[in-house]
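Take a look at the model below. We will walk through it one piece at a time.

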Amino acid sequence: MTGNPLLLFLVLWPMAGGILSFIAGRLNRRLRDISAGTVTLVELAAALHCRGLLGAKLSLDGVCGLGLTLTLDGFRLIYAAIIAFMWAATTLFSPEYLDHHRNRNRYYLFVLMTEGAIMGVFLSADLYTTFVFFEMMSLFSYIMVVQDETPAALRAAQTYLAIAIIGGLSTLMGLLLLNHQLGTLVTADLAAAAAAVKDRGALYVSGGLVLSGFAAKAAIFPAHIWLPTAHTAAPAPSSALLSGLLTKSGLFGVLALSAGPFLHDARWGLALLALALVTMALGAVLAVFSVNIKRTLACSSMSQLGFILTGIAMQCFLGADTGGAGGPFRPELQFGDLAVRGTILYMVGHSLIKLVLFLAAGVVHMNTHELGLNEIRGFGRDKPLFLFAFLMGGLGLMGMPLWNGYLGKTLVHEAIVEHIHHIGRAGAGALGFLMTPSSERLLFQAAEWTFLVSGALTTAYVLKLLVVLFVARPAPGLHQKGRYISPLSAAVLALSAAVLPLLGCLPHVLADPIAFLGASFMNGPAKHHAVSYFSLSSLEGAAISLGLGLLIYLFVVRTVLMRKDAAGEPVCVDLWPGWLDLEHLAFRPLIAGLLPALGGAFAKGVDRAASILIRVLPFLGALAARAIDLVCAGPITLVLSHAARIRFIRPPEDQEFGIYQEEEGGPMVRALLPSSLAYSLATFALGLLFILAYLIQF
Amino acid sequence: MTFASFLPLFAFLPVFFPIAAGVAILFLPSGGRPALRHAWVGLTTLLSSALIVAAVLLTKSQLLVLCRVTDTLSIAFRMDTLARIFSALVAFIWPLVTFYSFEYLRRRPPEGRFFAFFLSTFGILIGVACAANLLTLYLFYELMTFMTLPLVMHSQQREAIRGTVKYLFYSLAGAALALGGFFFFHIYGVSMDFTPGGILDMEKVAMNRDMMLTVTFLTLMGFGAKAGMVPLHAWLPTAHPVAPTPASAVLSGLITKAGIIAMLRVVYFLAGPDFLRGTWVQKAIISLALLTIFVGSMMAYTEKHLKKRIAYSTVSQVSYVVFAMMLLTPEGLTGALLQIVAHAMAKSCLFLSAGVVIYFTLQGANYHYADQLRGVGKELPVTMSCFAVASLSIIGLPVTGGFVAKWYMASGALTPELGWLGVGGIAVLMASALLTAGYLLPIVVDAFFPGNDYDYSTVVPFHLPMNMRLPLLLLSAGALLTGMFAGPLTSCFRPIIGILY
């Protein structure tokens with residue numbers, strides 16, 4: 001082991017702490033809660049202490065074969081701090097939420113193990129290490145999804161695990177190919193190594209394979225199917241982590257590729273953009289249709305991940321504008337700046353927003369034990385703290401100026417606009433290999449509008465949630481009076497919520513340094529220059545999104561997706577057809593039905609053919625032996641029996657000893673086809689010798 | 001005579017002491033207390049392990065000739081790197097399984113016969129590993145087949161006897177094929193002693209290259225029977241499940257590896273990697289191995305009977321080693337050796353855990369089928385945790401030994417000589433890993449996550465005796481540590497991998 005051991009501590013401490021808490025839980029519940037909380041707080045302190053250690057490295061030679069390497073740069077530091085913060089927040093929130101739940105020791109054990117693993121993902125300095133920790137994280141987080149063990153949770157967890165394993169294997173295969181093609185997996189060296197590769201086609205294949213596993217975790221279409229159900233089924237603190245951080249670990253992998261072998265590669269960017277737009281729009285539409293608070297938030301996560309992926313795709317395009325794929329890498333050009341900053345701020349913003357919103361949903365669930373929008377109607381009335389938290393999260397999610405969600409969203413939007421400006425400026429556009437500048441411009445204008453409309457849909461579903469929770473009159477039988485949240489949970493919720501407007505209001509003080517810190521990871525510009533977040537053109541995009549969203553809410557959601565009940569209260573209607581579900585239409589029939597059936601038939605065929613082959617050989621040998629027997633011994637027997645009047649008794653075949661002929665009962669032609677082992681072996685060996693003799697001869 | 005002149009004899013002890021100790025059991029008073037027998041078996045097993053470890057660590061790799069048969073043929077041993085790796089592995093696993101059997105065999109008499117043959121097999125396995133020429137190898141290989149027959153036949157029920165006969169037939173047929181190769185290597189080799197890089201006399205072979213390739217192919221097929229390679233694989237899923245579980249564990253975990261050791265000897269010490277590289281033999285064996293990997297996993301996926309499923313899994317997993325060793329690349333060979341170690345630990349652990357589940361759950365029902373195990377993890381948390389860890393290694397998920405082995409094996413497949421066969425091989429490995437996850441993880445999931453309607457009031461956690469708990473824990477820890485500390489382990493492989501440079 002060489003390097004700074006603190007990096008290893010960040011990874012191993014939560015894992016050790018998880019085991020510690022598990023043991024503590026066997027003794028006493030309080031002790032376990034205190035232990036788990038302390039572990040995460042120590043981790044937070046350690047992560048914050050790391051801010052002075054930028055550039056620290058650690059390599060564990062020989063561990064897991066190739067050796068693991070960790071490093072700390074700006075982006076990794078940001079995420080180490082966010083991971084530690086969110087884990088501390090959710091763990092402190094958990095005791096109240098999980099009261100009356102079963103198997104809590106197990107839950108804390110695996111939640112803390114997951115923290116260590118995801119730390120490893122974000123600190124990893126090479127893709128092998130990333131993959132090792134990524135797989136561990138996927139496995140450990142399975143318990144976070146399945147924890148409640150309701151039928152829905154079991155099913156969602158099954159899907160989660162299946163997608164994680166399929167994605168993981170495809171990533172593994174891609175990494176093997178990539179390692180072979182590039183000769184290295186060190187994240188920082190990937191770009192230079194890929195620039196030297198002639199055969200880009202093979203590189204796209206391996207890159208695509210690596211991407212698939214990471215994209216699956218980031219809920220990118222079409223591997224998004226696990227997310228809506230898994231995030232809904234998990235306990236709320238886990239949902240916050242799954243949505244806020246585990247999906248980001250998938251994006252970490254996507255970023256490592258986009259800023260590595262496919263740096264500023266427009267072809268790669270185009271693929272990402274296509275996936276991003278579908279994910280973004282589909283997630284938003286699903287969220288608008290949803291009638292379950294956690295499902296809405298989950299689908300919203302999916303949609304938001306599409307927004308972030310758009311930012312990553314735009315890095316490729318803006319980079320390509322400056323040099324193009326395979327062209328000279330010129331870091332002094334700053335065109336990618338907007339997209340890089342936008343991506344970082346969007347990621348950070350979304351992590352923090354989803355923490356608040358899922359914890360708020362947890363508050364709803366632990367009081368009402370319901371998640372359906374109609375059952376929790378009016379829950380938020382007369383609960384100022386809850387209102388504050390949910391409103392901060394909601395406004396952040398909408399991208400309202402002065403809240404943190406706005407910053408990332410507007411920068412990514414600006415990046416699209418910037419690219420449209422660049423098209424045709426230097427002759428052909430970034431997609432010159434595929435289309436003319438005018439059609440490229442059209443494509444990106446369509447992308448921009450998809451972006452804005454998805455933003456509008458975001459506004460619509462947030463409004464829907466806000467109205468249901470705070471405006472509508474409470475559903476009958478809803479718990480209203482008395483304390484609804486413990487002081488500790490309340491403090492956690494308030495603190496997490498207060499961060500959002502703070503970040504949004506002081507972008508130059510808080511957001512800029514974050515963006516600047518993280519930029520080097522994405523090969524962003526080295527120079528720091530100011531961006532005006534609240535310029536007129538930036539505000540225009542936000543205004544379109546928000547205004548359009550309001551219209552959608554008023555004219556689509558209110559009229560189509562909500563009805564008035566007898567008392568004049570709005571009731572949400574589930575209009576999404578049940579059969580329209582990619583998981584049930586395609587994934588399950590294919591992976592659990594068709595492929596195993598085909599493979600099984602093939603395997604059975606081979607199995608059968610092999611045993612027939614093995615039976616035919618001795619059979620032929622025996623046939624020959626009997627023939628020889630008949631020819632040689634027959635006359636002798638005949639002579640003897642006539643001359644000496646000796647009776648020859650052929651012993652009955654030993655049933656057990658010839659059992660490898662598996663036919664039970666039924667007439668066998670014993671006279672000619674003995675199933676005796678001795679015959680078979682002798683003749684088999686004889687046959688073999690014949691073959692060998694033949695071979696020697698010729 | 002001085003002490004030094006006894007020293008060479010001392011070196012034969014790892015092979016002959018367990019055999020002698022095993023035979024001695026047959027002369028113990030059969031009506032006597034089992035405690036006496038347990039003490040004898042336990043002590044001699046531990047002593048044998050200690051002898052083996054001493055031999056692995058202390059002896060040099062010189063040739064030890066026991067007796068000469070003719071002037072060119074002899075019974076001889078040599079503790080080279082391959083022998084060291086395998087002997088150390090056997091010395092670790094065998095005592096664990098023995099201690100597990102003390103508890104298990106209480107319900108499966110007769111103990112005496114079982115332990116006699118079990119202990120003898122221990123020594124014979126070391127003999128297979130240390131054999132210095134093909135004659136010795138063949139001798140111990142056949143002995144191993146016969147010595148393990150009573151283990152498979154233990155219950156003496158109809159199925160067990162059928163399984164045994166099938167096992168016998170396939171093993172003998174395989175060995176007969178291999179024996180054919182013996183004569184040719186004798187004629188075309190410069191000596192009969194295993195030599196790194198091969199013994200073939202290239203001048204003699206030059207005339208009969210195709211014939212020698214065919215012979216090598218047949219020899220490999222023959223030894224492949226023990227490793228469960230298609231088409232001689234059908235005995236394995238029949239014979240392994242009918243044996244008592246401790247025997248299944250070593251049959252699957254170690255005895256199949258004896259076939260692998262023999263194949264490694266043929267490829268790297270008789271024919272030589274340079275002779276085989278790029279030939280149709282290499283491609284044919286790789287294709288057969290890939291076919292086996294897929295068919296084994298697929299059959300395991302469709303199989304519901306727990307032990308049969310694990311046995312089919314062995315068919316698939318052992319062929320990973322065949323695939324990797326035939327790549328003839330340093331990474332491939334590293335992966336193959338790692339896979340031998342990791343699979344031996346994990347598979348023994350799986351079988352032993354399955355044995356606990358089948359015979360010791362307190363609800364009275366004997367679980368034989370994979371879909372009956374709902375909630376078993378609540379009754380047998382330690383057992384099922386070990387099962388889970390071993391499963392992860394078999395699937396090949398980080399950070400277990402199976403994962404690192406798979407990484408090396410797949411890296412080794414990307415060699416230009418193989419072209420698309422290598423890439424296809426990786427794809428098959430991945431598909432097989434997916435299927436493996438499909439047939440092992442649902443068991444773990446059902447065991448630990450029975451659903452919120454599960455009736456916890458009926459759960460009576462079963463206290464696992466230390467004799468069983470410790471082997472399970474050590475084996476699963478072994479599967480885990482093999483991966484985490486794969487670096488130091490692979491550095492032990494270096495001398496044998498050096499053949500390829």
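Which residues in α13(A) meet which residues in α15(A)? On the α13(A) side they are A:L338, A:A339, A:R341, A:G342, A:L345, A:Y346, A:G349, A:L352 and A:I353. On the α15(A) side they are A:N404, A:G405, A:L407, A:G408, A:K409, A:L411, A:V412, A:E414, A:A415 and A:E418. By class, this contact has 10 nonpolar, five polar and four charged residues. Keep in mind that the model is predicted.

How do these two helices lie against each other? The axes of α13(A) and α15(A), the latter covering residues 404-422, are 7 Å apart. They pack at an angle of about 150°. Angles over 145 degrees count as roughly antiparallel, so α13(A) is roughly antiparallel to α15(A). The crossing of this pair is left-handed.

Helix α13(A), residues 337-368, has another partner to look at. Helix α3 of chain A, residues 74-98, packs with α13(A) at an angle of about 5°. Here the axes are 11 Å apart. An angle under 35 degrees counts as roughly parallel, so α3(A) is roughly parallel to α13(A). From α3(A), the contact uses A:I78, A:I82, A:M86, A:A89, A:F93, A:E96 and A:Y97. From α13(A), it uses A:V348, A:S351, A:L355, A:L359, A:G362 and A:M366. These residues divide into 10 nonpolar, two polar and one charged.

Now follow chain A onward from α13. The loop between α13 and α14 holds A:H369. Its phi is near 55°, a positive value in a residue other than glycine.

Next comes α14(A), residues 384-398. Its 15 residues, at 1.5 Å a residue, should span 21 Å. Among the buried residues are A:F386, A:A389, A:F390, A:L391 and A:M392. The buried set also includes A:G393, A:G394, A:L395, A:G396, A:L397 and A:M398. Just after the helix, A:G399 takes a positive phi of about 85°.

Go back along chain A to another helix pair. Helix α6(A), residues 151-182, packs with α9(A), residues 226-233, at an angle of about 135°. Their axes are 8 Å apart. That angle makes α6(A) oblique to α9(A). The crossing is left-handed. On α6(A), the contact residues are A:A152, A:A153, A:A156, A:A157, A:T159, A:Y160 and A:I163. They meet A:W226, A:T229, A:A230 and A:A233 of α9(A). This contact has nine nonpolar, two polar and no charged residues.

The loops around here deserve a stop too. A:P222 sits in the loop between α8 (200-217) and α9 of chain A. The peptide bond from A:F221 to A:P222 is cis, with omega near 0°. Further along, A:H264 lies in the loop between α10 (236-258) and α11 (266-289) of chain A. Its phi is near 55°, a positive value in a residue other than glycine. With 29 other C-beta atoms within 10 Å, A:H264 is buried.

Step back to chain A as a whole. It has 21 helices and five strands. Of its 698 residues, 53% count as buried. Take the contacts in chain A with a separation of 6 or more: residues 24 or more positions apart account for 81% of them.

Finally, turn to where the two chains touch. Chain B brings 50 residues to the contact, and chain A brings 46 residues. Several helices of chain B each supply at least two residues to this side, including α8 (209-226), α12 (280-302) and α18 (420-448). Which helix of chain B gives the most? It is α6(B), with 10 residues. The side of chain B that touches chain A divides into 38 nonpolar, 10 polar and two charged residues. Chain B also has a cis peptide bond, from B:P398 to B:V399, with omega near 0°. B:V399 is in the loop between α16 (381-395) and α17 of chain B.

Methods. Residues numbered from 1 in each chain as written. Chains lettered and ligands numbered in written order. Predicted model: local features only at pLDDT ≥ 70, side-chain atom pairs only at ≥ 80, totals over all residues. Axes fitted to C-alpha atoms, helices over the stretch in contact; angles between N-to-C directions. Helix = DSSP H or I, 4+ residues; strand = E, 2+ residues; numbered from the N terminus. Parallel < 35°, antiparallel > 145°, perpendicular 65-115°, else oblique. Left-handed = near helix turned anticlockwise from the far one by under 90°. Contact = placed C-beta atoms within 7 Å. Nonpolar A, V, L, I, M, F, W, Y, C, P; charged D, E, K, R; others polar. Buried ≥ 20, exposed ≤ 12 C-beta atoms within 10 Å, placed from the backbone. Expected span 1.5 Å × (residues − 1).
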